[in-house]
Amino acid sequence: MISITTSNMNGIRAAARKNVGAWVDAHTPDVWCMQEVRAPQDALDPIFDDFANRYAAAGAVERPDVLRRVNEVCRVKGRAGVGLLSSLPVVETRHGLPGLDEDVDSGRWIEADVRTPEGYVITVACVYVHAGSAEDETKMAQKYRFLDRMLVRLGQLQEEAASGGRQAVLCGDFNIAHTPLDIKNAKGNVKHAGFLPEERAYVDRWLGEYEFVDVMRDLAGDIQGPYTWWSQRGRAFDNNVGWRLDYQFATPELAESACGFVIDKAPTYEARWSDHAPLTISYAV
């Protein structure tokens, strides 16, 4: 059994100030994918050091230096940034999507080939898709360009998995609510970025043409939510007016091994260390 968590940090330095360490003390997933880290390397390293010490104290690794680290800082200061921590061996890593060379596209995609305790190697991708803005053609063009390049990589991962090679899982904040089940106010958001028909059509293709599985939805069934993001404005969190933006999309064989999920929503608004809640899925690989 392995556990994989994905969480948008909404700034890892801010999360550290809001006591994300207490969450780590109680949760040490085998693989932890983080998005929107928004920190330079010299600021990120000591926070990762702290996480490694907490993993060791919890018995998740023998020593802090055993916790593997993979990350990519965004070349635009204060933007994006992705990171991955693994208590399992990492045999190979890859950074970025081929064909995306602009600074705004950096810090959004990393891959780690992770060896499970049984000796299987699976590809874990940590993904942070552009948020976009329906009122800003440039931002939407950036988002669609990124999503188009994702299709190429998904095709490669699907082909490898289907031919008996590595299974794969894409973890991250995809900034798309796929169906009305994934957003509290569907009718009021059909013209807003994150719920545009053109964006949602990409997810349709991932699940159809590319044969990936929305693992949490597969486990939860056709229920409303549960959500993973709530606006900081008003009383969205308290009233559970949320969006499901954080996903784990897996190739079919790996998805079949999924046996449970948890969305770790904070008990109160004040206890949050991010505007997103971590999504953890357990796989009996």
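In this predicted model, His276 is found in the loop between β13 (258–263) and β14 (279–283), where strands (E, at least two residues) and helices (H or I, at least four) are DSSP runs numbered from the N terminus. The model is a prediction, in which local features need pLDDT of at least 70 and side-chain atom pairs count only at pLDDT 80 or more, while totals for chains, interfaces and linings use all residues. Residues are numbered from 1 along each chain as its sequence is written, and side-chain values use heavy atoms, with hydrogens and water left out.

With a relative accessibility of 7%, His276 counts as buried, a term that means under 20% relative accessible area, whereas exposed means over 50% and partly exposed lies in between (1.4 Å probe, protein chains only). Leaving aside neighbours within four places in sequence, His276 is in contact (heavy atoms within 4.5 Å) with Asn8, Asp173, Thr228, Trp229, Leu245 and Asp246. The side chains of His276 and Asp246 are also joined by a polar contact of 2.8 Å; such a contact is a pair of N or O atoms within 3.5 Å, of which, within protein, one must be able to donate a hydrogen and the other to accept it, and residues adjacent in sequence count only if both atoms are side-chain atoms.

An unreviewed UniProt entry places the feature "active site" at Tyr128, Asp173 and His276; UniProt positions are given in the numbering used here, feature names are shortened, and annotations may be inferred rather than shown by experiment. These residues are spread over 149 residues of sequence, yet they cluster in space, with a largest C-alpha distance of 12.9 Å. The lining of the largest pocket includes Tyr128, Asp173 and His276. On a 1 Å grid over the protein atoms alone, a pocket is an open set of points where a 1.4 Å probe fits, with protein on both sides within 12 Å along at least five of seven lines, and lining residues have an atom within 4 Å of a point. Asp173 belongs to strand β8 (residues 167–173) and is buried, with a relative accessible area of 1%. Beyond its neighbours within four places in sequence, Asp173 is in contact with residues that include Asn8, Gln35, Tyr128, Asp246 and His276.

Strand β8 is part of an open sheet of six strands with mixed pairing, in the order β5-β6-β7-β8-β12-β9; two strands pair if DSSP finds at least two bridges between them. At the edges stand β5 (90–95) and β9 (213–214), each with a single partner strand, so one side of each is left without a neighbour in the sheet. Strand β6 (residues 109–115) runs antiparallel to β7 and is joined to β7 by seven bridges, with Glu111 opposite Ala125. The hairpin formed by β6 and β7 has five residues between the strands, and Gly119 in the turn has a positive phi of about 100 degrees. On the β8 side, seven bridges join β7 to β8 in a parallel arrangement, and Ala125 stands opposite Leu170. Five bridges then join β8 to the antiparallel strand β12 (residues 246–250), where Tyr247 is the bridge partner of Gly172.

Seven of the eight residues of β7 are buried, so this strand is largely enclosed by the rest of the structure. In soluble globular proteins, nonpolar side chains tend to be buried together. The largest nonpolar core has 36 residues, of which Ile4, Val31, Leu84, Val124, Val169 and Tyr283 touch the most other members, a core being a set of buried Ala, Val, Leu, Ile, Met, Phe, Trp, Tyr and Cys residues joined through side-chain atoms within 4.5 Å. Strand β7 (residues 121–128) contributes the largest share of this core, four residues. Apart from it lies another core, of 23 residues, among them Met150, Phe212, Tyr247 and Phe249.

Some backbone angles were also examined. Most residues other than glycine have a negative phi, and most peptide bonds are trans. Phi is positive, near 50 degrees, at Glu36, which lies in the loop between β2 and α3 (41–57) and, at 15% relative accessibility, counts as buried. Asn175 likewise has a positive phi near 50 degrees, lies in the loop between β8 and α5 (197–207) and is buried at 10% relative accessibility. The peptide bond from Gly225 to Pro226 is cis, with omega near -10 degrees, and Pro226 is found in the loop between α6 (215–220) and β10 (229–230).
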